[in-house]
Amino acid sequence: MDRKPNFSKNADGLLPAVIQDHWTLKVLMLGYMNEEAYQKTLAEKKVTFFSRSKNRLWTKGEESGNFLNYVSSAIDCDEDTILIQADPVGPTCHTGDDTCWQETNEGKVGFLEHLRKTIKERKENPSEKSYTASLFQKGINKVAQKVGEEAVELVIEAKDDNKDLFLGEAADLMYHYLTLLEAKDIALDEVIDTLIKRHK
């Protein structure tokens, strides 16, 4: 059952809303929402708060243009805190920083997890039109072969100065590598755990 925010928990009807970048998973800012701000956010897909200083609804970016485009939301176990995932347009903090903690908002690790889940879904629910599903149907040897081919192509492009071609081959290798992990039922986290153990 989906949780819903309980705005009656506080006398002022406000709940804290933590804003997180959808792809980098960085926490961008903390604001407060009443029920009207929350519903406006869901309806218009622009993160909107209740500004305690302005004493009114305030859509982030309404003056600067640095909107927070709504992606998804989750409610905590006590139903008194909201987690909003968003795609930021420009810096989030009024100081010009990417986040309100003076952090650089980079490293789209969240997309790798999204891609991993998509690959897993293609394996479990194959479609005739899906290239990923066709790889799984051809078996582990074919998937491993594709990883080898893409690795060689990446090495070849590394010797040249065409950045776009290099990035394309790097993306192909990353995709096929994640597909190989799924074919072997190995989680990406297991690889990361191995790297952590090696890290000094």
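Biologist: What makes strand 1 and strand 6 count as paired, and which way do they run?

Modeller: Two strands pair if there are at least two bridges between them. In this predicted model, 5 bridges join strand 1 (residues 15-21) to strand 6 (residues 82-88), so the pair qualifies. The two run parallel, and V18 stands opposite L83 in strand 6.

Biologist: And what about strand 5 and strand 6, how many bridges there?

Modeller: 7 bridges join them, against a cut-off of at least two, so they pair as well. These strands run antiparallel, with I75 opposite I82 in strand 6. Their hairpin has 6 residues between the strands, and E79 takes a positive phi near 60 degrees there.

Biologist: Which strands make up the sheet, and in what order?

Modeller: There are 4 strands in the order 2-1-6-5, forming an open sheet with mixed pairing.

Biologist: Why are strand 2 and strand 5 called edge strands?

Modeller: Strand 2 (27-33) and strand 5 (68-75) each pair on one side only. From one strand to the next, the twist averages 30 degrees.

Biologist: How do you know that helix 1 packs on the sheet, and what does it touch?

Modeller: Contact means heavy atoms within 4.5 Å. By that test helix 1 (residues 35-44) touches strand 2, strand 5 and strand 6, so we say it packs on the sheet. The direction of helix 1 makes about 120 degrees with that of strand 5.

Biologist: Which residues does the UniProt domain annotation cover?

Modeller: The unreviewed UniProt entry puts "domain: Phosphoribosyl-AMP cyclohydrolase" on residues 29-102. Over that stretch the chain is 14% helix and 38% strand, and the end C-alpha atoms are 10 Å apart.

Definitions and conventions. Residues numbered from 1 in each chain as written. Predicted model: local features only at pLDDT ≥ 70, side-chain atom pairs only at ≥ 80, totals over all residues. Heavy atoms only, no water. UniProt positions renumbered as here; feature names shortened; annotations may be inferred. Axes fitted to C-alpha atoms, helices over the stretch in contact; angles between N-to-C directions.
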